[in-house]
Amino acid sequence: MNDHTKTANAPQTRQDAGESMLVALDELHAFPGHPFKVMRDAAMEELVQSVRANGVLSRIIVRPRRAGGYEIIAGHRRTEAARLAGLTAIPAEVRRDLDDDAAVIAMIETNLKQRPRLLPSERALAYRMMRDALAHQGVSAEGGRHTREEIADKYGESPRQVARFIRLTALNRPLLELVDRGKLQMGAAVEISYLDTETQCWIMDNFEATGEAPAIAQAREMRRVYGEGALTQEVFTEIMLREERGKTGGEKDFIRRMREEYFPNMTTGDVMEKLRELAETWQRRQNLNL
């Protein structure tokens, strides 16, 4: 056991050094609404083994809680790894200068930088929290447009894509999990996000019964009919049974060739969504080169 680990397990769990100190694990609390999942997967097991061998080498970031203890701004995974490794305390940087909005922004920015691979639900919830915090600070003066642009600039997205991710937070939890699992494509999910809770439950019930989620064209049709106040469960079933219409033979052949040549494991709807994402990436690069 190295010296760092011994210190972290010592009876005295705090040693003030300015804003750096050891904090007892039982004094730490997750950030409210923390959108990033802490999973006990292979990566977590590697982190636990590293903590057992070397201790926690990078301080977590916390702030004092009004109710006592500390709120984690950054370091939820390191904190969980420390618990699993048997530590009783963890080195932390205590931030006393963060109000609620600033704490949200710091939490989101730190995690987005440290976690390059995010589930759609994690990115969606993070962008929404960032938008709301920025808007509350008075950054947004025009219905959220400025906040979307600021988030897009920070993280290499288009403002439209930021808005699309935020729309996903209007999905019920089971549908959002389908997006995370790749069973519901994002384009269709965005359209479905405009439907009410009952209709979203129909979609989930249909998936559980058939294994089929709406394609983009079907989801758009549902949204259109819903907007007209005519989407009943019978109409929903008819749309799910209806084949996608409106494509010319040339368009169908092009998508089929792209799927066979480049995306053999994707559905036709997923291929269309991927092509749209690639086109948006190309457009962003063109704009940066102007």
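Predicted model: local features only at pLDDT ≥ 70, side-chain atom pairs only at ≥ 80, totals over all residues.
**Figure 1. Helices H10 and H12 cross at about 50°.**
H10 covers residues 197-210 and H12 covers residues 233-241, and their axes lie 11 Å apart. With an angle of about 50°, H10 and H12 are therefore oblique to each other. The crossing in which H10 passes H12 is right-handed. On the H10 side the contact is made by Trp202, Ile203 and Asn206, and on the H12 side by Gln233, Phe236 and Met240. Sorted by type, the residues of this contact are 4 nonpolar, 2 polar and no charged.

**Figure 2. A closer look at the rings of Trp202 and Phe236.**
A pair of aromatic rings is described by the distance of the centres and the angle of the planes. For Trp202 and Phe236, the centres are 6.0 Å apart and the planes stand at 45°, so the pair is tilted. Trp202 belongs to helix H10 and Phe236 to helix H12, and the pair links distant parts of the chain, 34 residues apart. Are these two residues, Trp202 and Phe236, buried or exposed? Trp202 is buried, and Phe236 is buried too.

**Figure 3. Helices H5 and H7 pack at an angle of about 105°.**
The axes of the two helices are 8 Å apart. An angle of about 105° makes H5 roughly perpendicular to H7. Which residues of H5 and H7 meet here? From H5 come Pro120, Arg123, Ala124, Tyr127, Arg128 and Arg131, and from H7 come Val162, Phe165 and Ile166. This contact divides into 6 nonpolar residues, no polar ones and 3 charged ones.

**Figure 4. Tyr127 and Phe165 form an aromatic pair.**
The count of aromatic pairs comes to 2. In the pair shown here, the ring centres of Tyr127 and Phe165 are 5.8 Å apart and the planes are at 85°, so the pair is edge-to-face. Tyr127 sits in helix H5 (residues 120-136) and Phe165 in helix H7 (residues 159-167), so the pair ties together parts that are 38 residues apart in sequence. Both Tyr127 and Phe165 are buried.

**Figure 5. Helices H2 and H3 cross at roughly 65°.**
H2 runs over residues 42-54 and H3 over residues 76-84, and their axes come within 9 Å. This crossing is right-handed. Ala43, Met44, Leu47, Val48, Val51 and Arg52 of H2 meet Arg77, Arg78, Glu80, Ala81, Ala82 and Leu84 of H3. By type, the residues of this contact divide into 8 nonpolar, no polar and 4 charged.

**Figure 6. Helix H3 and what covers its buried residues.**
Which residues of H3 are buried? They are His76, Arg78, Thr79, Glu80, Ala81 and Ala82. What covers them includes helix H2 and helix H4 (100-114), together with strands S2 (28-29), S3 (60-64), S4 (70-74) and S5 (89-94). Just after H3, look for Gly86, which takes a positive phi of about 90°.

**Figure 7. Gly69 in the loop between S3 and S4.**
At 22% relative accessibility, Gly69 counts as partly exposed. Setting aside neighbours within four places in sequence, Gly69 is in contact with Glu27, His29, Arg63 and Pro64. How far apart are Gly69 and Asp26 in space, C-alpha to C-alpha? The distance is 8.3 Å, although Gly69 and Asp26 are 43 residues apart in sequence.

**Figure 8. Met266 in the loop between H13 and H14.**
This loop joins the view of helix H13 (249-262) to that of helix H14 (268-288). Met266 has 25% relative accessibility and so counts as partly exposed. Apart from neighbours within four places in sequence, Met266 is in contact with Arg259, Val271 and Lys274. Met266 and Gly182 are 84 residues apart in sequence and 9.7 Å apart in space, C-alpha to C-alpha.

**Figure 9. The whole chain, for orientation.**
The chain has 14 helices and 5 strands. Of its 290 residues, 44% count as buried. Among contacts with a separation of 6 or more, 68% are between residues 24 or more positions apart.

Key:
Residues numbered from 1 in each chain as written. Heavy atoms only, no water. Axes fitted to C-alpha atoms, helices over the stretch in contact; angles between N-to-C directions. Helix = DSSP H or I, 4+ residues; strand = E, 2+ residues; numbered from the N terminus. Parallel < 35°, antiparallel > 145°, perpendicular 65-115°, else oblique. Left-handed = near helix turned anticlockwise from the far one by under 90°. Contact = heavy atoms within 4.5 Å. Nonpolar A, V, L, I, M, F, W, Y, C, P; charged D, E, K, R; others polar. Phe/Tyr/Trp six-rings, centres within 6.5 Å; stacked < 30°, edge-to-face > 60°. Buried < 20%, exposed > 50% of the residue type's maximum accessible area, 1.4 Å probe, protein only.
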